[in-house]
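Let's take a walk through this protein together. Have a look at it first, and then we'll go through a few of its parts.

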Amino acid sequence: MSILFAAEQASFDISPIINHVGNAIYLLLALVAFWGAYSLVVIWRRAGQLRFKDEEEQSLYLEGIEELLQSGKAEEIESLCEDDPRAVAQLTLLAYRNRHLPTNRLRDLLTERFQRDVSADLEYRGSWVQTVIKSAPMLGLFGTVIGMMGAFGKLSSSSQVSPDKLAADISLALVTTACGLAIAVPLILATASINIRIGKMEDLVGSGMNRLLEIFRS
């Protein structure tokens with residue numbers, strides 16, 4: 001009977017498994033936090049690289065393009081725009097190379113290229129941030145479940161359990177939940193700020209595109 005009782009007690013001892021799973025959850029939370037922060041930085045920098053500092057700077061740039069066209073130096077547009085990563089500059093180069101198209105078709109071409117090369121890229125990277133925002137609390141909740149399983153496993157395997165043995169499992173349950181929320185909440189706030197930045201960039205590029213079409217049409 002004593003051997004059977006000892007075997008039943010041993011069957012409930014899942015502490016090693018809990019420890020390994022807990023460490024894995026901490027590692028996953030760290031990786032998720034790093035990837036979310038990295039994606040945010042990439043989006044922020046990308047949105048900054050694609051736009052002019054303000055509308056005045058963009059207007060001066062387009063006025064220079066118009067002067068080149070009017071003075072018969074249109075070939076200089078390619079050298080001016082080719083190495084410029086800003087969206088309006090690349091759209092200017094595309095419009096120049098397709099200037100023979102009717103205005104409506106040229107507008108559709110510029111819009112399609114902007115959505116494919118700029119908006120789609122930002123949305124793709126933003127989807128990773130949204131995935132991190134959703135997955136971080138779920139990982140924290142998983143850690144909570146694992147921690148409570150370990151605590152109840154200790155309680156069920158022994159009539160007397162010292163508080164310090166339960167503390168590790170309860171700590172895992174609480175810390176992983178806190179970490180998941182600590183990752184998700186700042187990312188939500190940062191994403192709102194980045195969406196505003198992207199919206200301003202798109203508005204600025206939209207006004208630049210309209211001005212660009214007027215230049216090539218005239």
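**Cysteines and packed helices**

Let's start with C81, which is buried, with a relative accessible area of 0%. C179 is partly exposed instead, at 29%. Here buried means under 20% relative accessible area, exposed means over 50%, and partly exposed is in between (1.4 Å probe, protein chains only). Counting cysteine sulfur pairs within 2.5 Å as disulfides, the total comes to zero.

A quick word on the background: this is a predicted model, where local features need pLDDT of at least 70 and side-chain atom pairs count only at pLDDT 80 or more, while totals for chains, interfaces and linings use all residues. Residues are numbered from 1 along each chain as its sequence is written, and side-chain values use heavy atoms, leaving out hydrogens and water.

Now for the helices, which are DSSP runs (H or I, at least four residues) numbered from the N terminus. The axes of helix 3 (residues 55-70) and helix 7 (residues 163-217) come within 10 Å and cross at roughly 15 degrees. Those axes are lines fitted to C-alpha atoms over the stretch in contact, with angles from 0 to 180 degrees between N-to-C directions. So helix 3 is roughly parallel to helix 7, a label for angles under 35 degrees. On the helix 3 side, the residues in contact (heavy atoms within 4.5 Å) include L62 and L69, and on the helix 7 side they include L204 and F216.

Helix 3 has another neighbour: its axis and that of helix 5 (residues 87-97) come within 11 Å and cross at roughly 20 degrees. That makes helix 3 roughly parallel to helix 5. This contact is made by Q58, Y61, L62 and I65 of helix 3 with V88, A89 and T92 of helix 5.

How values were computed: Helices (H or I, at least four residues) and strands (E, at least two) are DSSP runs, numbered from the N terminus. Angles under 35 degrees count as roughly parallel, over 145 as roughly antiparallel, 65 to 115 as roughly perpendicular and the rest as oblique.
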